Amino acid sequence: MEIATSTNVRPRTFALPNTLTYARIVAVPLVVACMFWQDILEGGLWLRWVALAIFIAAAVTDVLDGYFARSWGQQSDIGRMLDPIADKLLVSSSLLMLAADGTIRGWSLWAAIVILCREILVSGLREYLAELRVSVPVTRLAKWKTALQLVAVGFLLAGTAGDLVVVNLGFPVVTWIGLTLLWLSALLTLYTGYDYFRAGLHHLTKD
């Protein structure tokens, strides 16, 4: 019986959808390292393109892992747990590095703060509701929120390097697009955060 259980768990744990999620988590320190090298250690702007390439590859795995899990019937508890965690790690660490190198500054810092605070609050709410055995499914709007965050961070990772490519326009268009999308994703983040809180409110007030 123990051998059968082990052989059932192992394929599901290392199935392709979960492996893609693991890869997304591994991408986090790689993106951070590129940004740290480029700014703190004063490396070349080419490092921003490397960081962007890794980030895009990681973002693509976010689409593929869910698709394969559904198509191949390989959905698992560990996948459902790690998938949103991987997204939050990727976005949050990138936002912190972008704030550190000054790409996100001034009033735009508030957009990043809203996103980070919402993710922490929703994670805490999910943990509490999980103890009550209450499931809070990810809504379609929340998926769009994550997609918008990923696109915004992608533009901001290109940042100065991207601005130099379109320097003829006379203003930092790539960074401007990234910051605009960041504000839009922050607004969507607020709404979806409220939506989650409202869904779990009656469980929070039971006592």
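Student: Which residues does serine 185 touch, not counting residues up to four places away in sequence?

Tutor: The structure is a predicted model, in which local features need pLDDT of at least 70 and side-chain atom pairs count only at pLDDT 80 or more, while totals for chains, interfaces and linings use all residues. Residues are numbered from 1 along each chain as its sequence is written, and side-chain values use heavy atoms, with hydrogens and water left out. Serine 185 lies in helix α7; helices (H or I, at least four residues) are DSSP runs numbered from the N terminus. With contact meaning heavy atoms within 4.5 Å, serine 185 touches Ile115, Lys145, Leu148 and Gln149.

Student: Is serine 185 buried or exposed?

Tutor: Buried means under 20% relative accessible area, exposed over 50%, and partly exposed in between (1.4 Å probe, protein chains only). Serine 185 has a relative accessibility of 0%, and therefore counts as buried.

Student: How many salt bridges does the count come to?

Tutor: Among them is the bridge of aspartate 101 and arginine 48, at 2.9 Å from N to O. That pair links the loop between α4 and α5, where aspartate 101 is placed, to arginine 48 in helix α3, 53 residues apart, and both residues are buried. The count of salt bridges comes to six.

Student: Which residues do salt bridges with shared partners join into one network?

Tutor: Glutamate 119 and lysine 145 meet in a salt bridge of 3.1 Å, N to O. Glutamate 119 belongs to helix α5 and lysine 145 to helix α6, 26 residues apart. Both are buried, glutamate 119 at 6% relative accessible area and lysine 145 at 4%. The network formed through shared partners consists of Lys88, Arg118, Glu119 and Lys145.

Student: Which residues touch the most other members of the largest nonpolar core?

Tutor: A nonpolar core is a set of buried Ala, Val, Leu, Ile, Met, Phe, Trp, Tyr and Cys residues joined through side-chain atoms within 4.5 Å. In the largest core, of 31 residues, the members that touch the most others are Ile104, Leu157 and Leu182.

Student: Is the aromatic pair of tryptophan 37 and tryptophan 46 stacked or edge-to-face?

Tutor: Rings of Phe, Tyr and Trp (its six-membered ring) pair if their centres lie within 6.5 Å; planes under 30 degrees apart count as stacked, over 60 as edge-to-face and the rest as tilted. The structure holds one aromatic pair. Tryptophan 37 is partly exposed at 43%, as is tryptophan 46 at 48%. Their ring centres are 5.6 Å apart and their planes stand at 80°, so the pair is edge-to-face.

Student: How many disulfides does the count come to?

Tutor: Cysteine 34 is buried at 10% relative accessibility, whereas cysteine 117 is partly exposed at 41%. A disulfide is a pair of cysteine sulfur atoms within 2.5 Å, and the count comes to zero.

Student: What is the phi of glutamate 42?

Tutor: Most residues other than glycine have a negative phi. Glutamate 42, placed in the loop between α2 and α3, is exposed at 70% relative accessibility. Although glutamate 42 is not a glycine, its phi is positive, at about 55°.

Methods
Salt bridge = Lys/Arg side-chain N within 4 Å of Asp/Glu carboxyl O. Helix = DSSP H or I, 4+ residues; strand = E, 2+ residues; numbered from the N terminus.
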